[in-house]
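Take a look at the chain below. The paragraphs that follow walk through its parts step by step.

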Amino acid sequence: MECEAERRPLGVFECQLCALTAPYSYVGQQPPGTQSVVLLEESYVMRGPFAPSKDRFLVLGSRCGLCGRLVCVGPECSLFYSKRFCLPCVRENIDAFPQEIQQDLEKRKVPSKRPASQPGSRT
Ligand SMILES: [Zn+2]
Ligand SMILES: [Zn+2]
């Protein structure tokens with residue numbers, strides 16, 4: 001029997017672009033129990049929900065290096081180029097990215113579905 005406390009999630013990760021939510025159990029670059037794995041960025045990580053083995057984990061997302069928004073690693077929400085950038089930031093600063101990124105972004109063209117934006121209250 002495993003200790004239940006150990007599996008308790010730290011909180012719930014929520015992508016601020018697509019509203020994906022999932023409980024995460026670790027934030028950082030080296031998920032526990034994965035000595036050989038070092039992530040390139042500080043990430044929100046969830047233990048593989050279906051795998052009892054400790055070295056299974058799933059990267060949910062991380063913070064945008066520009067605006068600090070929490071975004072998932074989905075291709076419609078962010079990309080990784082030396083660090084994580086949310087797509088809105090990439091679009092705003094597209095000139096700062098190499099052409100291959102620009103082309104890649106072209107291919108991603110998201111259907112005109114509006115993300116639940118409009119931050120309710122800003123302080
Ligand atoms: Zn997302
Ligand atoms: Zn951003």
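How many helices and strands does the secondary structure of the protein chain come to? The count is 3 helices and 8 strands. Read from the N terminus, the elements follow the order α-β-β-β-β-β-β-β-β-α-α. This is a predicted model. The mean pLDDT of the protein chain is 83, and 76% of the residues score at least 70. Helix H1, residues 4-7, has the lowest mean pLDDT, 53. Strand E6 has the highest, 97.

Two figures describe the chain as a whole. Of the 123 residues in the protein chain, 24% are buried. Take the contacts between residues at least 6 apart in sequence: 25% of them join residues at least 24 apart.

Now turn to the sheet. Four strands form an open sheet in the order E3-E4-E5-E6, and the pairing is antiparallel. Strand E3 (26-28) and strand E6 (70-72) are the edge strands, and each pairs on one side only. On average, neighbouring strands of this sheet are turned by 30 degrees against each other, direction ignored. In general, strands of a sheet pair through backbone hydrogen bonds, either parallel or antiparallel.

Look at one pair in that sheet. Strand E5 covers residues 57-63 and pairs with E6 in the antiparallel sense, over 3 bridges. Ser 62 has its bridge partner in E6, and that partner is Val 71.

Another pair comes later in the chain. Strand E7 (residues 78-81) and strand E8 (residues 83-86) run antiparallel and are joined by 4 bridges. Tyr 81 stands opposite Lys 83 in E8. E7 and E8 form a hairpin, with 1 residue between them. The turn holds Ser 82.

What is the phi of Ser 82 like? It is positive, about 65 degrees, although Ser 82 is not a glycine. Most residues other than glycine have a negative phi. Ser 82 lies in the loop between E7 and E8. Ser 82 counts as exposed because it has 8 other C-beta atoms within 10 Å, and the cut-off for exposed is 12 or fewer.

Ala 19 also calls for a look. Ala 19 is not a glycine either, yet it has a positive phi of about 65 degrees. Its place is the loop between strand E1 (11-14) and strand E2 (21-24). Is Ala 19 buried or exposed? It has 11 other C-beta atoms within 10 Å, so it is exposed.

The largest nonpolar core has 19 residues. Those with the most contacts inside it are Tyr 24, Val 45, Leu 60, Val 71, Cys 77, Phe 85 and Cys 86. Which elements give two or more residues to this core? They are strand E4 (43-47), E5, E6, E8 and helix H2 (87-92).

Follow Cys 86 for a moment. Residues up to four places away in sequence are left out here. Cys 86 then touches Leu 17, Cys 64, Cys 67, Arg 69, Val 71, Cys 77 and Ser 78. Val 71 and Cys 77 are also among the residues with the most contacts inside the core.

Leu 87 is in helix H2, whereas Leu 40 is in the loop between E3 and E4. Why does Leu 87 count as buried? It has 20 C-beta neighbours inside 10 Å, and a residue is buried if there are 20 or more. Leu 40 has 12 C-beta neighbours inside 10 Å, so it counts as exposed.

Their surroundings can be traced too. Leu 87 touches Glu 76, Cys 77, Ser 78 and Leu 79, not counting residues up to four places away in sequence. Leu 87 and Val 71 are 16 residues apart in sequence, and 9.2 Å lie between their C-alpha atoms. For Leu 40 and Gly 28, the separation is 12 residues in sequence and 9.7 Å in space, C-alpha to C-alpha.

Notes. Residues are numbered from 1 along each chain as its sequence is written. Chains are lettered from A and ligands numbered from 1 in the order in which they are written. This is a predicted model: local features need pLDDT of at least 70, side-chain atom pairs count only at pLDDT 80 or more; totals for chains, interfaces and linings use all residues. Two strands pair if DSSP finds at least two bridges between them. Axes are lines fitted to C-alpha atoms, for helices over the stretch in contact, and angles run from 0 to 180 degrees between N-to-C directions. pLDDT is the predictor's confidence in each residue, from 0 to 100. Two residues are in contact if their C-beta atoms, placed from the backbone, lie within 7 Å. A nonpolar core is a set of buried Ala, Val, Leu, Ile, Met, Phe, Trp, Tyr and Cys residues joined through C-beta atoms within 7 Å.
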